[in-house]
Each structure stands twice: as C-alpha cells, then as structure tokens.
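Hi there,

Here is the structure I promised to pass on. Please have a look, and my notes follow below.

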Amino acid sequence: MAGILIAWLVETGIVMYRDISKGNPPLPADILAPFIVMGTLGTIALYRPAQTFATVTAWGVVGATLLNFWNPSSPLSIGKVSKPNPSTATSGGGGKATKHSVL
C-alpha cells in the first residue's frame, strides 16, 4: 500500500510541476484524475494477492505520465501523440506553410 501512496505523490508532483512550468495553476481536475486512479488501485491492493499488481500498475501510470503517454488533463487520450498542425508550420518566409523534404 505504501508503494501506491508514493506513486500517487510522485504522480501529483509531476502533474503540478507541468502545470506550474506552463505558468498555469494546477486545475482541480488535474489533481483529481490521479487521485481516482490511485485510489482505485489502492482499493484493489486491499485484496492481498492483487497488491503487487496494483503497485506495479500505479508505477506504470507514473511512467506513462512521465513519458507523456497519459495526460491526466485529458484521461481519454491514452497513447495519442499530438501532431503539429501543418498549416501553422512556417519556414519564416511570409507566413506561408511549406513542406520540407528530407534526403
């Protein structure tokens, strides 16, 4: 159970650091999502044979957040990598979008 508590604290720290580094205060929803996930895993861990599974899963969620595979701000976008909009990419010449070829 202590492993899940530490994972929750680390997860919350990562989320708060990202929000603050962007210049925004942490939103309650950003703190609530990890709380719900870790709370559910903590409840699962009360069943003794599932304790290791729940702890490993909790640290997996922390790793996913750290590697940007899961964003608590939008929890349904698991594994989606945001792609830049090609119409906003410019080469510095008059605001026109251009394609660059790589040899």
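To start with confidence: in which helix of the protein chain is it lowest, and in which is it highest? The lowest mean is 91, in helix H2 (residues 28-45), and the highest is 93, in helix H3 (residues 51-66). These values are pLDDT, the predictor's confidence in each residue on a scale from 0 to 100. Over the protein chain the mean pLDDT is 79, with 70% of residues at 70 or more. Helices here are DSSP runs of H or I with at least four residues, numbered from the N terminus.

Two notes on conventions. This is a predicted model, in which local features need pLDDT of at least 70 and side-chain atom pairs count only at pLDDT 80 or more, while totals for chains, interfaces and linings use all residues. Residues are numbered from 1 along each chain as its sequence is written, and side-chain values use heavy atoms, leaving out hydrogens and water.

Leaving aside neighbours within four places in sequence, Ile4 is in contact (heavy atoms within 4.5 Å) with Met38, Leu41, Gly42, Ala45, Ala54, Thr55 and Ala58.

H2 itself has 18 residues and reaches 25 Å from first C-alpha to last, close to the 26 Å expected at 1.5 Å a residue; the expected span is 1.5 Å times one less than the number of residues. Its buried residues are Asp30, Ala33, Pro34, Met38, Leu41, Gly42 and Ala45. Buried means under 20% relative accessible area, exposed over 50% and partly exposed in between, with a 1.4 Å probe and protein chains only. Seen down the axis, the buried residues of H2 fall within an arc of 160 degrees, so they line one face of the helix; the arc uses directions from the helix axis to the C-beta atoms. H1 and H3 are among what covers them, whereas Pro28 and Thr43 are exposed on the other side of H2.

Finally, Asn68 lies in the segment after H3. Asn68 is not a glycine, yet has a positive phi of about 65 degrees, and is exposed at 54% relative accessible area.

Best wishes

Terms used:
Helices (H or I, at least four residues) and strands (E, at least two) are DSSP runs, numbered from the N terminus.
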